[in-house]
Amino acid sequence: MTIVSMKHMLERALDGRYAVGQFNLNNLEFTQAILQAAQEERSPVILGVSEAYIPYMGGLPFIAGMVKALVAEYGITVPVALHLDHGSTYEVCIRAMHAGFTSVMIDASHHSLEHNIEITRSVTHAAHALGVSVEAELGRITGREDDLVVDEAEAMYAVPEECLRLVRETGIDCLAPALGSVHGPYRGQPQLGFDRMAEIQQLTGLPLVLHGGSGLPEDEIRRAISLGTAKINVNTDNQMAFTATIRSFLNDHPEAYDPRNYLVPARETIKEAVKAKIRLFGSGNRA
């Protein structure tokens, strides 16, 4: 299976009332685990790369090359999208496309609606010429987006009429409206705007994206999917599980020095965590 855009997989998910998981890449082991989990569950999958991780992971061409090499090495046959998460500028989205990414998110949600539309339209025009799918955001999702901290005071629920205007004037493939989810660990019970979620999906007709999928109660996940959420982003849960496994191993084996001794079990932890999310999202056996 060659790496594909998100467009078709999300349209199928919307029609089938399930969601495709975006699982962020943090290093080699995350990439291996996510691909293997998706293949074993027969699920489409989205590999997300946040902008702050691009230099850490060796640059966009290296990341794309690593993913393509692993897809070939493992004989991956399920649909895989390689997605730039929270691209902050037109320029970084273009660089990702030229590096081999099959999907990009342009996040101009911190600008005015008019400027958001202008930037998003430019990215979409270039992306669609290359067969690349585009995600955009409206409103601010609280917590940490890469190296940007968004305070509660800055956040606002997305306005349905503004979402419709963004969709109509840009031609994007999926929309991430701010509806009460957060990046990073939740403090207390999240308050997702389900009524507004349903209204936005009905108005726009597009697959919706739920950022901050880590830590949400399972019933909230299922309800969001039933209302048209077709893509759910997960990273913090995996990061925490990965780190906890390494910490536990090193506490029990202080003499260990070979990285494989703790990275292999940590990789298996990620693999099982991703498989559990795939089952929750309902995307297993959909490839």
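Axes are lines fitted to C-alpha atoms, for helices over the stretch in contact, and angles run from 0 to 180 degrees between N-to-C directions; helices are DSSP runs (H or I, at least four residues) numbered from the N terminus. This is a predicted model, in which local features need pLDDT of at least 70 and side-chain atom pairs count only at pLDDT 80 or more, while totals for chains, interfaces and linings use all residues. Residues are numbered from 1 along each chain as its sequence is written, and side-chain values use heavy atoms, with hydrogens and water left out.

Helix α7 (residues 160-170) and helix α8 (residues 194-204) have axes that come within 9 Å and cross at roughly 30°, which makes α7 roughly parallel to α8 (angles under 35 degrees count as roughly parallel, over 145 as roughly antiparallel, 65 to 115 as roughly perpendicular and the rest as oblique). On the α7 side the contact (heavy atoms within 4.5 Å) is made by P160, E161, C163, L164 and V167, and on the α8 side by R196, E199, I200, L203 and T204.

Helix α10 (residues 236-252) packs against helix α11 (residues 259-281) at an angle of about 145°, with the axes 9 Å apart. Among the α10 residues that make this contact is F242.

Rings of Phe, Tyr and Trp (its six-membered ring) pair if their centres lie within 6.5 Å, with planes under 30 degrees apart counted as stacked, over 60 as edge-to-face and the rest as tilted; by this rule there are two aromatic pairs. F30 and F242 form a tilted pair, 4.8 Å centre to centre with 50° between the planes, and this pair links distant parts of the chain, since F30 lies in helix α2 (residues 28-41) and F242 in helix α10, 212 residues apart. F30 is buried at 2% relative accessibility, and F242 is buried at 8% (buried means under 20% relative accessible area, exposed over 50%, partly exposed in between, with a 1.4 Å probe and protein chains only).

Technical notes. Helix = DSSP H or I, 4+ residues; strand = E, 2+ residues; numbered from the N terminus.
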